[in-house]
Amino acid sequence: MRRAAASKHRDLASREPIDKTIQAYHMIGRLSIDREGILDRVSSDASRLQELGYRQQLRRGLGVFSTFSIGVATVAPVVGLYAIFGLGMNLSGPVWVWLLVLSLVGQVLVAVVYSELASEFPIAGGPYQWVRRLIGPDAGIFTGLIYLVAVSAALATVAFLAAPWFAQLLGLQPSPGGHMLLSFCVLLASLLVNAGGVQVVRVAVNFGIAAEIIASMLIGSMLLVFFRTHDATVLFSSMGAPTSLGAALATLAVCGWAFVGFDASASVAEETTGAGANVPRAILAATAVVGIAVVLVAVAVILATGDLQAVISGSEMDPVTATVVASLGDWSRMPFLAVVAITFFACCISMQAYLGRVIFSLARDGVLPFSRKLASVSEGRKVPLVAMTTMTLIASACLLLGFNEGAVGTMISFGTAGLYITFLLVVAAALYARLSGKWRPEGSLRLGTPVNVAALVWLLFETINIAWPRVELAPPNAPVWQVWAAIWVFAVVAALAVIYIGAWRRKNLGAE
């Protein structure tokens, strides 16, 4: 009797995510979807996950659009472009937009490889899980740890960069301590949203996507159609900016900052219905939409800016806002600031969500200290709340670097370089597994070796290019250690990862 009761309890528990998913579909108005169809799809996802070695713990409630939205919010065209526009103009002048297009093409190749892997292995924690299966546990853990540190630095960076927008919106001129406090508030508010579960995240991120559309597609189109002050020929001119190969390579390195984060869609694979097909679609769609938005706004702002020389010289510190306000009028300043602040907030929510899934995935395999706690899932919302809280605390600690300009610059440099190193490790692992016969793609997306080779060539070039020490990309009078930040920080993190993996292996062998 007791065994029968326990069995019945397990059956009810296993159906809970399915029933909750059906409720979620009804809540968002999809009343025409057949209940049995949802049951079949969610059961199929759970079965595939079980084949890959895990039981369903997280709640499936995301459709392809919501998964796509998380990818777009993380790549964040507004956040990415507004951070690099002035630097791109300063380094190469208006012609920098073509290097932006080249960077987009390279990252599309990477997104295709990621989509193929997400189709084959629709598991939370993407890069760690993929490399673990393609190469082995040690390589997977190494990739996962690099990814974890890089995304943590990126999350702290986005919160740090978000603070000035919220300060302007609130009419504040914060001290360095006030800046840190605002950044922490952004992280805390993001955690509260994530604690509400994937449906709450879906709503919040969709607000962010609406803001992205307004701030990129709508405003970009308006500037392009109604407020042009230059013709298209200016896009082929440097207007006095450097034209050397070194300047072009530096600009291309900066462009790489705009197209990272599409892998966020892969990290919510265990919460996406029809994950094997929908996650790859979300990755590709997010990359394409962000690429179009970034290039559109870059072109529109260049053509609508009255004094391009002021932007190239660096005397105009915030060229995007200045151009928007000058074109639309002073009334647009506060609404524009609000829209940009919302996009930063959505980016933080999305990054925090997928970083929590990366930790959950590593901890579930017993890789991290306190793995049992970090792999736990909240009873009500079925989200890895402990993992997300832990990373919020770590990102908050990273914010303390903001008291030192050199330290925060180092964090930003490694955040970008670390993400490209992760891309490189994943794409190299995929190509090795293909050529050695260890992996024959059987997912819904199969695009073959040539794309994988092209993606690897691009990443070898761009990863070295981004990490290359350049005085022009460092703050004025920066010390040598800051100029070389991406390289030495990676060397330290990589060495610590190797030491940790050795200790982890010894512990596991001792336990056996």
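Residues are numbered from 1 along each chain as its sequence is written. In this predicted model, local features need pLDDT of at least 70, side-chain atom pairs count only at pLDDT 80 or more, totals for chains, interfaces and linings use all residues, and side-chain values use heavy atoms, with hydrogens and water left out.

**Whole chain**

Select everything and colour by secondary structure: the protein has 21 helices and zero strands. Helices (H or I, at least four residues) and strands (E, at least two) are DSSP runs, numbered from the N terminus. Of the 512 residues, 56% count as buried. Buried means under 20% relative accessible area, exposed over 50%, and partly exposed in between (1.4 Å probe, protein chains only). Taking contacts (heavy atoms within 4.5 Å) with a separation of 6 or more, residues 24 or more positions apart account for 82% of them.

**Helices 5 and 12**

Next, select residues 96-120 (helix 5) and residues 275-304 (helix 12). Two packed helices are described by the angle between their axes and the distance between the axes. Here the axes come within 8 Å and cross at roughly 175°, so the two helices are roughly antiparallel to each other. Axes are lines fitted to C-alpha atoms, for helices over the stretch in contact, and angles run from 0 to 180 degrees between N-to-C directions. Angles under 35 degrees count as roughly parallel, over 145 as roughly antiparallel, 65 to 115 as roughly perpendicular and the rest as oblique. The residues of the contact of helix 5 with helix 12 divide into 19 nonpolar, six polar and no charged. In this division Ala, Val, Leu, Ile, Met, Phe, Trp, Tyr, Cys and Pro are nonpolar, Asp, Glu, Lys and Arg are charged, and the others, Gly among them, are polar.

**Helices 4 and 9**

Move to helix 4 (residues 77-92) and helix 9, which pack at an angle of about 45° with their axes 9 Å apart. That angle makes helix 4 oblique to helix 9. Show side chains for Pro77, Val78 and Tyr82 of helix 4 and for Glu212, Ala215 and Ser216 of helix 9, which make the contact. The residues of this contact divide into four nonpolar, one polar and one charged.

At 59% relative accessibility, phenylalanine 207 counts as exposed. Its C-alpha atom is separated by 9.9 Å from that of valine 339, 132 residues apart along the chain.

Then select isoleucine 342 in helix 15, which is partly exposed at a relative accessible area of 39%. Not counting residues up to four places away in sequence, isoleucine 342 touches Phe207, Gly208 and Ala211. The C-alpha atoms of isoleucine 342 and phenylalanine 166, 176 residues apart along the chain, are separated by 9.1 Å.

**Helix 8**

Select residues 176-195, the 20 residues of helix 8. Helix 8 is followed by glycine 197, whose phi is positive, near 100°.

**Threonine 157**

Finish in helix 7 (residues 137-170) at threonine 157. Threonine 157 is buried, with a relative accessible area of 9%. The side chain of threonine 157 reaches the backbone oxygen of alanine 153 at 2.8 Å.

Technical notes:
Polar contact = N/O pair within 3.5 Å; in protein donor to acceptor, adjacent residues only side chain to side chain. Expected span 1.5 Å × (residues − 1).
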